[in-house]
Amino acid sequence: MSERPENDDPDPNDAFDELVEAETDRDPDLAVIEAGSRTLRAQAGPPQGDGIPVRPADPEVDRALRAVEEELAGRWGETKLDPSVQRIAALLDILGSPQRAYPSIHITGTNGKTSTARMIEALLSAFDLRTGRYTSPHVQSITERISLDAAPISAERFIETYRDIAPYVEMVDNQQEYRLSFFEVLTAMAYAAFADTPVDIAVVEVGMGGTWDATNVIDGDVAVVTPIALDHTDRLGETPEQIAGEKSGIIKKDATVVLAQQPVEAASVMLKRAVEVDATVAREGMEFGVTSREVAVGGQMLTLRGLGGEYPEIFLPLYGAHQAHNAAVALAAVEAFFGVGSEHARTLDIDTIRSAFAAVTSPGRMEVVRRSPTVVLDAAHNPAGARAAAEAVTEAFGFSRLVGVVGASSDKDVRGFLEAFEPIFAEIVVTRNSSHRAMDPDELAAVAVEVFGAERVQVEPRLDDALEAAITLAEEEGEFSGAGVLVTGSVITVGEARLLMGRG
């Protein structure tokens, strides 16, 4: 590794250690890793307009936000669940059922939920609708999870919303066997903020599953199911069919179901549920889909077939076939919301659709944060996501040599994840993020050695060291070699890497 430039600033190693120590005991999805860590040779330049908020500049607001984060962190995290909507329903009942104040599009699935939600939001906003979007987990800041009018809620409003509902949260806590969880409180905050705005429509991503997910107190006019694969098998089931059974719970009576391409057994479960509740089904590959796609500079050019007809020359500034399919699903969902394909047969305004898709961002999903060598971030964290990411990075970048940086969670199928990347990673640097769920780097390295061979595996316990090591490896072929780095394994790893690379 190269030497770092000397300066008079405090030792950034100490700053990173302090961050890790402070964050390790917190819920992983509340880990807000701040700027001030080591300045890498990998510094990427000024932040881009990606909709990711930074810490509040006002010290008083920042302290208040930290206080709210700490209070939320004291509750059950998102990995500890009691499968019931009883507590969230009780809280929302006291709040006057804010989730009934607007129509909604509800999204479940295994991979692609957040990207699809962001596309749906962009399309609805382009048609001058006031939107609320609720997604999880966040990449860098907890306030990302709640968006109003296609922008993250301000820290001030986040704090105000929490304080408004806090007395009622305490009431429900005292009435229930278990206190409301972190995710339940945050869900109630989102629904309350949407009603208070008020929004014309809410775009809501489930936290996990569907039937007993805290978000499932809404009756989505449109239920979206992105591709289902094996993940969270300890809670959702060990087969696509079992997982689909849990996720089908978001399909409500008389809704429209927009179904992405699925394993046959998962699709069968979804279709059965739709029949039971008299829901209308639109299937990718049948009623809608991707007609054509070509790699383009900065993304891809698509022709999409929607429920009402064809939409040619759609530029999507995201990489990978999986994002093209997400775009088709998002378009069909918005068409269904507007009644296209049922009440009338027509396409939506093509220029509006084109401008909306062209403005879509999805931070941490095949996101380029540096050039020469190119560094790409992708939040893939299960084997299906890894396969999609491997295909996307191969197609879009054509690196002569690719170095992987992987920091994974211990509760994931790490072997399956690494096997998906083995054909494209020349070398892999294993590391960890600051989450208490992070897999120990030595344990991760042991699996990586079995998959890649010892000569292709390097261990760097600190993420900043891992990034620098990978960039050094990529540079060994020379400035014009076309080598690159892919950082992946966890949303948390990607979020922390973004900040270390100067994107926060």
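Predicted model: local features only at pLDDT ≥ 70, side-chain atom pairs only at ≥ 80, totals over all residues.

Residues are numbered from 1 along each chain as its sequence is written, and side-chain values use heavy atoms, with hydrogens and water left out.

In soluble globular proteins, nonpolar side chains tend to be buried together. A nonpolar core is a set of buried Ala, Val, Leu, Ile, Met, Phe, Trp, Tyr and Cys residues joined through side-chain atoms within 4.5 Å, where buried means under 20% relative accessible area, exposed over 50%, and partly exposed in between (1.4 Å probe, protein chains only). The largest such core has 39 residues, of which Leu 72, Ile 146, Phe 158, Leu 186 and Phe 194 touch the most other members. Among the elements that each supply at least two residues of this core are α2 (59-73), β3 (146-148) and α6 (182-196), and α6 gives the largest share, 11 residues. Helices (H or I, at least four residues) and strands (E, at least two) are DSSP runs, numbered from the N terminus. A second, separate core of 38 residues includes Val 222, Tyr 311, Ala 327 and Ala 333.

Helix α16 (residues 491-500) is largely enclosed by the rest of the structure, because 10 of its 10 residues are buried; among them are Glu 496 and Arg 498. After α16 comes Gly 502, whose phi is positive, near 85°.
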